[in-house]
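Open your viewer, keep the sequence panel beside it, and get ready to click along. Each stop tells you what to select and what to look for there.

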Amino acid sequence: MVTLTINGQVLQVEKGTTILEAAAQADIHIPHLCYLKGLNEIAACRVCCVEVEGERAMVTACNTPVREGMVVHTNSPKAREARRTNVQLLLSQHDSRCTSCVRSGNCNLQTIANDLGIFYLPYEQHLAREGWDFDFPIIRENDKCIKCMRCIKVCERVQGLGIWDLTNRATHTAVGTRGRAPIGKTDCVACGQCITHCPTGALRERDDTETVFDAIADPDKIVLVQIAPAVRSAWGEELGMSREEATVERLACALRRVGFEYVFDTDFSADLTIMEEGSELLERLGAAAKGEGDSRGWPMFTSCCPGWVRFVKARYPEFVDSLSTSKSPQQMFGAIAKTYYAKVLGVEPERLFVVSVMPCTAKKAECALPSMMGEGGAPDVDARAT
């Protein structure tokens with residue numbers, strides 16, 4: 001064990017513990033942006049800098065191990081001034097139009113800047129103004145990137161894809177796709193982990209809300225919505241509702257008031273997907289038992305997740321034939337809605353507008369695939385709402 005003092009509190013922590021971890025054990029908050037434990041401990045943002053007695057320069061708390069007798073000040077005038085300067089430098093290359101940012105009110109950089117009392121920028125602002133394919137489900141706005149490299153690490157070391165990388169050099173360093181390839185030409189599976197781990201609004205998912213509202217306002221459209229089980233169970237959290245209040249009945253009522261004419265649970269088509277995949281597996285096993293063989297590989301993998309399917313195609317193409325040929329629950333519902341349910345309602349399939357409310361970014365890409373179109377050329381699912 002190592003004994004040290006942080007902000008006047010004497011602590012004992014295990015050897016090898018960082019200053020940031022030691023402070024957290026004492027409920028002392030040290031602001032940070034780039035740090036991800038065990039994944040990104042490179043002190044790129046320099047926001048976690050603290051003052052250590054006896055040290056000439058400021059010390060980054062996220063990757064500095066404690067020492068016996070160390071005396072740390074996390075909120076001294078010197079520490080606050082260094083932290084404020086570092087954040088101001090980040091903001092000099094950051095698009096600070098917070099009112100039009102998807103992360104406004106839920107942005108780590110915004111919170112830290114407010115806590116430090118940064119209400120003006122002493123440095124001239126320089127923005128890269130790089131372009132992007134805004135039709136792709138994942139949107140990157142580099143003018144909001146602080147180069148913390150969290151997206152690079154989570155994509156490379158957790159998802160095993162390595163889509164993101166550093167581009168350019170020196171003051172022109174930026175984060176972009178590896179080899180500067182268009183995002184649609186990369187192996188990105190649209191899993192959304194880079195969005196989840198981005199501390200600012202540099203990464204977000206494409207918002208299709210206005211497309212849905214336009215369909216609701218169209219008198220010639222009959223708008224159906226399907227709700228994923230994850231949404232059904234967690235929708236009340238963002239609104240501060242208890243589990244007892246956030247019932248599926250209230251959710252259905254809310255969607256009807258928004259303007260959706262019919263509300264469905266994706267559990268229905270999930271059951272259909274299971275039955276289809278089960279039938280396909282039995283067919284393959286039956287063929288193998290008869291010695292007829294099967295050109296498709298073993299074992300048979302589910303095809304219910306578009307992110308998984310894209311991952312197999314990108315990283316393990318030798319297993320593509322092992323994937324089930326069944327559509328995902330989202331797409332199966334859309335196909336049934338525009339065939340069977342259109343007949344039930346007695347309307348032309350073209351009048352139906354199918355919306356899915358799902359927590360998965362990859363489903364935005366899935367519903368736009370050419371293979372997910374009906375016989376008339378219309379998509380099975382018209383929009384995956386944010």
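Start by selecting Leu-281, which sits in helix α9 (residues 267–289); helices (H or I, at least four residues) and strands (E, at least two) are DSSP runs, numbered from the N terminus. This is a predicted model, where local features need pLDDT of at least 70, side-chain atom pairs count only at pLDDT 80 or more, and totals for chains, interfaces and linings use all residues. Residues are numbered from 1 along each chain as its sequence is written, and side-chain values use heavy atoms, with hydrogens and water left out.

Next, a sheet. Select strands β11, β10, β12 and β13, which form an open sheet in that order with parallel pairing (two strands pair if DSSP finds at least two bridges between them). The edge strands are β11 (262–265) and β13 (383–385), each pairing on one side only. Neighbouring strands here are turned by 30° against each other on average, direction ignored. Axes are lines fitted to C-alpha atoms, for helices over the stretch in contact, and angles run from 0 to 180 degrees between N-to-C directions.

Contact means heavy atoms within 4.5 Å.

Zoom in on β10. How many of its 6 residues are buried? The count is 6 of 6. Ile-222, Leu-224 and Gln-226 lie on one side, with Val-223, Val-225 and Ile-227 on the other. In a regular strand the side chains alternate between the two faces of the sheet.

Now look at the neighbours of β10:
- β12 runs parallel to β10 and is joined to it by 6 bridges; Val-223 stands opposite Phe-353.
- β11 pairs with β10 in the parallel sense over 4 bridges; Val-225 has Val-263 as its bridge partner.

From Leu-224, jump to Phe-213, which is 11 residues away along the chain, with 12 Å between the two C-alpha atoms. Phe-213 belongs to helix α6 (residues 209–217) and is partly exposed, at 40% relative accessible area.

For the last stop, select β2, β1, β5, β3 and β4, an open sheet of 5 strands in that order with mixed pairing. β2 (9–13) and β4 (59–60) stand at the edges, each with a single partner strand, so one side of each has no neighbour in the sheet. Strand β1 (residues 2–6) pairs with β2 in the antiparallel sense over 5 bridges, and Thr-3 stands opposite Gln-12. Finish with helix α2 (residues 77–91), which packs on this sheet and touches β3 (49–52) and β5 (71–73).

Technical notes
Buried < 20%, exposed > 50% of the residue type's maximum accessible area, 1.4 Å probe, protein only.
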